[in-house]
Structure formats: C-alpha cells, structure tokens
Amino acid sequence: MATKRRTPGDATPFLPERFSLPKLREASRDCRGCDLYLAATQTVFGEGSSRARVVFVGEQPGDSEDLQGRPFVGPAGRVFDDALAAAGVERTETYVTNAVKHFSFEPRGKARLHKRPRVGEVRACSPWLRAELAVVKPDVLVLLGAVAAQSVWGPAFRVTKERGVVKSGELAAAIIATHHPSAVLRAPDSETRKQVFDELVADLRAVKKLLGP
Ligand code: SF4
C-alpha cells in the first residue's frame, strides 16, 4: 500500500541549527514545509550581501526565477532593476528575496501561470524569511506587493491604502510597503503602467533617503 505523503506544518524543521546565508540557502533546497516544492523546479532563495542595509521582499519566484534559481531575474525583475536605477539605489547593495521560496503556478497547456500562494503557504515559508532577516538585520525592509506586506502586517493590510508609509517593527527600524514590480506589467494601459511605475520609484526614492548618503 502506498504511503500517504505527510507535510509538516511549516519550514521550521528544515532550518539549520546555526544561521548564515550560505547555510540557510543550502538547507532550503530540501525544504518540504508545504506542498509547493512538489511541482516547482527548485527552491529560489534570497540573494545579496549579509551586510545589505536594505532588504526587498517580493511574493514568490516566477517562471524564469524557478528555472534559473535566482530571485527577480524575469520580466518583473527587469522592471525592478529599472525602478531601482531611477531611484538611485544600487541592486548590489541590497538583499532581495521572496515571502515564498517555491514557484506557485497553474499549468495551462505548455505555460505555467502564476498562482497567488495561499495564506497557509506564506505562513509555512515565513521561517526562511525571518531567518534571512535575522542574519542580514536590515535598517530598511521593503515589502513589494500585497503578499509580502500581509506576511508581515497581517491580512488586513492594503498596499493601495498604506503604500509608502514608513513604519517600524521588530524586523527592521523602517518598514515600507510598495507595489510589486509585476503590478507595472499587469497595468491595463500605458497611462496606468506609467503611474504605477512612478509610484514605485517614488517609494524607492524614500527608501534611498532613509538609507542616507
Ligand atoms: S514554499 Fe517555502 S515552506 Fe513551502 S516547500 Fe518551498 S521553501 Fe518550504
């Protein structure tokens, strides 16, 4: 008789005893904290310096990220790079990661369509994000989009209403939520696309100001 697969409640049992970014990245490859690992290609862990003063958190890896094993390297990553450049923030001085480390998608023919991760999957994956933040200890934490923002501030948080507001919390002295770069790509027309991009850049300029010269 086939053994029924049983996933644990979250990623905690897969965390290494001691935290460092290389150890966490290595351990995350074997995470079975939720079911998303079953269909995804690989774990996409965060990338950047452990000394970064700013950490950006997105939602989850997309199709390109899943295949390449690196965060923010697909179309949304290119928007992110453009927005960082417009705001004068160097990506090499940042740490970039996602609230969920495996690609959540729905197969549609040969394509894999992005599927918003469930609340339980975001919760299951949060020990990795908390461990990354415990190592990097950023001055500024930037939450890109609703999933990342709600993973920190809870399900009632609305990016549309509270975008750009600087708060403080246990994870960083300054925490700010803004659009996910993919919101620029999803905008229905060029005018809205420009507006969303400009708002993202304005929030990143505020981040640059918080970091100081
Ligand atoms: S999404 Fe997160 S919790 Fe789920 S298997 Fe992947 S790394 Fe583990």
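Here is a chat about the predicted model shown above.

Biologist: Before we start, what kind of model is this, and how are residues numbered?

Modeller: This is a predicted model, so local features need pLDDT of at least 70, side-chain atom pairs count only at pLDDT 80 or more, and totals for chains, interfaces and linings use all residues. Residues are numbered from 1 along each chain as its sequence is written, and side-chain values use heavy atoms, with hydrogens and water left out.

Biologist: What does the chain average for pLDDT?

Modeller: The average is 94, and 96% of the residues score at least 70. pLDDT is the predictor's confidence in each residue, from 0 to 100.

Biologist: Where does pLDDT stay under 50?

Modeller: Over residues 1-6. For that stretch the model has 3 contacts beyond four places in sequence, contact meaning heavy atoms within 4.5 Å.

Biologist: How many helices and strands are there?

Modeller: The chain has 8 helices and 8 strands. Those are DSSP runs numbered from the N terminus: helices are H or I with at least four residues, strands are E with at least two. The radius of gyration is 17 Å, close to the 17 Å the globule rule gives for 213 residues, so the chain is as compact as a globular protein of that length. That radius is taken over C-alpha atoms, and the rule is 2.2 Å times the number of residues to the power 0.38.

Biologist: And how much of the chain counts as buried?

Modeller: 47% of the 213 residues. Buried means under 20% relative accessible area, exposed over 50%, and partly exposed in between, using a 1.4 Å probe and protein chains only. As for contacts with a separation of 6 or more, 72% of them come from residues 24 or more positions apart.

Biologist: OK, the inside. Which residues have the most contacts in the largest nonpolar core?

Modeller: Val 55, Val 57, Tyr 95, Trp 128, Leu 141 and Leu 143, in a core of 34 residues. A nonpolar core is a set of buried Ala, Val, Leu, Ile, Met, Phe, Trp, Tyr and Cys residues joined through side-chain atoms within 4.5 Å.

Biologist: Which elements give two or more residues to this core?

Modeller: Those are α1 (21-28), β2 (54-58), α4 (119-136), β6 (140-144), α5 (146-153) and β8 (172-178). The most comes from α4, with 8 residues. Apart from this core lies another of 19 residues, including Leu 84, Val 142, Leu 144 and Leu 204.

Biologist: Back to Leu 141. What does Leu 141 touch?

Modeller: Leaving out residues up to four places away in sequence, Leu 141 touches Val 55, Val 57, Leu 133, Leu 171, Ala 172, Ala 174, Ile 175 and Ile 176.

Biologist: Switching to loops. Where does Gln 42 lie?

Modeller: In the loop between α1 and β1 (47-48). Gln 42 counts as partly exposed because its relative accessibility is 28%.

Biologist: Which backbone oxygen does the Gln 42 side chain reach at 2.9 Å?

Modeller: That of Asp 66. The backbone oxygen of Leu 67 also lies 3.1 Å from a polar atom of the Gln 42 side chain. A polar contact here is a pair of N or O atoms within 3.5 Å; within protein, one must be able to donate a hydrogen and the other to accept it, and residues adjacent in sequence count only if both atoms are side-chain atoms.

Biologist: What about Ser 104, buried or exposed?

Modeller: Buried, at 3% relative accessibility. Ser 104 sits in the loop between β3 (94-98) and β4 (105-108). A polar atom of its side chain is 2.9 Å from the backbone oxygen of Lys 115. Beyond four places in sequence, its contacts include Leu 36, Gln 60 and Pro 117.

Biologist: What's the phi of Phe 72?

Modeller: Positive, about 55°, although Phe 72 is not a glycine. Most residues other than glycine have a negative phi. Phe 72 is in the loop between α2 (63-68) and α3 (75-87) and is buried, with a relative accessible area of 5%.

Biologist: And Lys 137, where does that lie?

Modeller: In the loop between α4 and β6. Lys 137 has a positive phi of about 50° and is exposed, with a relative accessible area of 61%.
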